[in-house]
Amino acid sequence: MDYQEIYQQKLTTAERIVENIQSGFCCAATSALGEPSAIMRALAERVLREDLRNIEHHMLLASREERYLDPVFAGKIIHVPWFTSGKARPAVWEGRADFMPNFYYEVPRMWRENMSPDVFYAMVSPMDKHGFFSFGVGAAEGRAQMSNARYVFLEVNRYMPRVLGDNFVHISEVDAICECDEPLPTIPDSECSEKDKRIGQLIAERIPDGATLQLGIGGIPNAVGEFLSAKKHLGIHSELFCDSFVKLIQSGAVDNSCKNINRGKSVATFAIGSQSLFEYIDDNPGVEFYPVDYVNDPRIIAQNDYMISVNSCVEVDLVGQVCSESIGHKNISGAGGQVDFIRGANWSKGGRSFICTYATAKNDTISKIKPFLTEGAHVTTSKGDVDCIVTEYGIAELRGKTAAQRARALISVAHPKFREELLQSAEAMHLMI
């Protein structure tokens, strides 16, 4: 078949694509940077022009300053983040956007079994000679979303990396295509504070040669990465592929030689970071992206020995309940893959999971370790799942500990100015035996 001829037959404009979207439609986009920006701009224009209503727009997290998040679209385009970003928070807090609670590894199954989108749209890399487009930086849920969709639309962007793995869609599966060449949004490396470095060092000391890593983005993961550059034979099996991993690969610390599955490959489900990160993963046989129901499945994660999971949180209470996604009742992010990787690491031979937080907030006026979580806080990681809590004051090992032992361990890594107060609260709650 002449795939270029088929491409030309299906090539149109974003404006014509959105003519298929009607009031009440459920639309789904791939993770983060896979949102098709030209299609979304055209949809916003049509919605205002024709007064369309109640169009749901589902995706992992908003990564651009998209117009549909403005108050004028209330009741018209209803954004449904599956992990609320800073750009979407005002809409969520004001009741103009919804949000979807989930464990990330279950997302594809939810799309296949519980939801049927009218429209699937995604930004992809240019088509290869065999008729395949790569989902690029977001492999997580696209295949599942399009499996039940009435329409499949792609926005081709030459700036989208071609990332290998189970990360492709064929032109025969597509209803229409548009083109829009725009550089992807980038996130520069976060500067590591002294607290980040202390936490990073504490964790790095517990990571043996040959371990497999899951890291997030930000100062603490960057600090962990800095202290791992002298390690040997590390592996990568992570929800997010970040700049820290590129540095560890280039330093020789990561070679993926000790992994029990996907040996020799760095595995992830999506990427956010710098332009150099996007250039590194482009057509790189050493990096493979797979759907999130593979990458984040705790049963898959656990197959790698010495699996190390590093995540962050908002606050933790004295029995080890962890809130990582809200400030009180106000949703600020989501569970993401935190629980997926904590369970996978806990089940792994020699694995450990670390949840990190500064000991305080707001210039040392608020303790992040509390007698009980803030009223309305969303519990992300249960007390039964948590392994280690890390602050700049040390590591509290909670797995296999009683409530009293947990309280003592957590108080020992709280800021010194709050320890007596926390001890008194623990005694009043009859936690100290």
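Predicted model: local features only at pLDDT ≥ 70, side-chain atom pairs only at ≥ 80, totals over all residues.
Residues are numbered from 1 along each chain as its sequence is written, and side-chain values use heavy atoms, with hydrogens and water left out. Local features need pLDDT of at least 70 and side-chain atom pairs count only at pLDDT 80 or more, whereas totals for chains, interfaces and linings use all residues.

**Largest pocket**

- The largest pocket holds about 1200 Å³ of space. A pocket here is an open set of points on a 1 Å grid over the protein atoms alone, where a 1.4 Å probe fits, with protein on both sides within 12 Å along at least five of seven lines. Its volume is the space filled by probe spheres set on the points, which are joined across faces, edges and corners.
- Domain 1 (3-179) and domain 2 (194-429) both contribute lining residues, so the largest pocket lies between them; the domain bounds come from an automatic or database domain assignment.
- The lining comprises 45 residues, of which Phe83, Gly216, Ile217, Ser312 and Ser333 lie nearest the centre of the pocket. Lining residues have an atom within 4 Å of a point.
- At least two lining residues come from each of helix 8 (219-226) and strand 16 (307-312). Helices (H or I, at least four residues) and strands (E, at least two) are DSSP runs, numbered from the N terminus.
- By class, 22 lining residues are nonpolar, 18 are polar and five are charged. Ala, Val, Leu, Ile, Met, Phe, Trp, Tyr, Cys and Pro count as nonpolar, Asp, Glu, Lys and Arg as charged, and the others, Gly among them, as polar.

**Cysteines**

- Zero disulfides (pairs of cysteine sulfur atoms within 2.5 Å) are found in a search of the whole structure.
- Cysteine 388 is in no disulfide, and the nearest cysteine sulfur, that of cysteine 356, is 9.8 Å away.
- Cysteine 388 is buried at 0% relative accessible area, whereas cysteine 258 is partly exposed at 36%. Buried means under 20%, exposed over 50% and partly exposed in between (1.4 Å probe, protein chains only).

**Loop residues**

- Asparagine 296, in the loop between helix 11 (292-295) and helix 12 (298-301), is buried at 0% relative accessible area.
- The side chains of asparagine 296 and glutamate 239 are joined by a polar contact of 3.2 Å. Such a contact is a pair of N or O atoms within 3.5 Å; within protein, one must be able to donate a hydrogen and the other to accept it, and residues adjacent in sequence count only if both atoms are side-chain atoms.
- Lysine 362, in the loop between strand 22 (360-361) and strand 23 (366-367), has a positive phi of about 50° although it is not a glycine. Lysine 362 is exposed at 64%.
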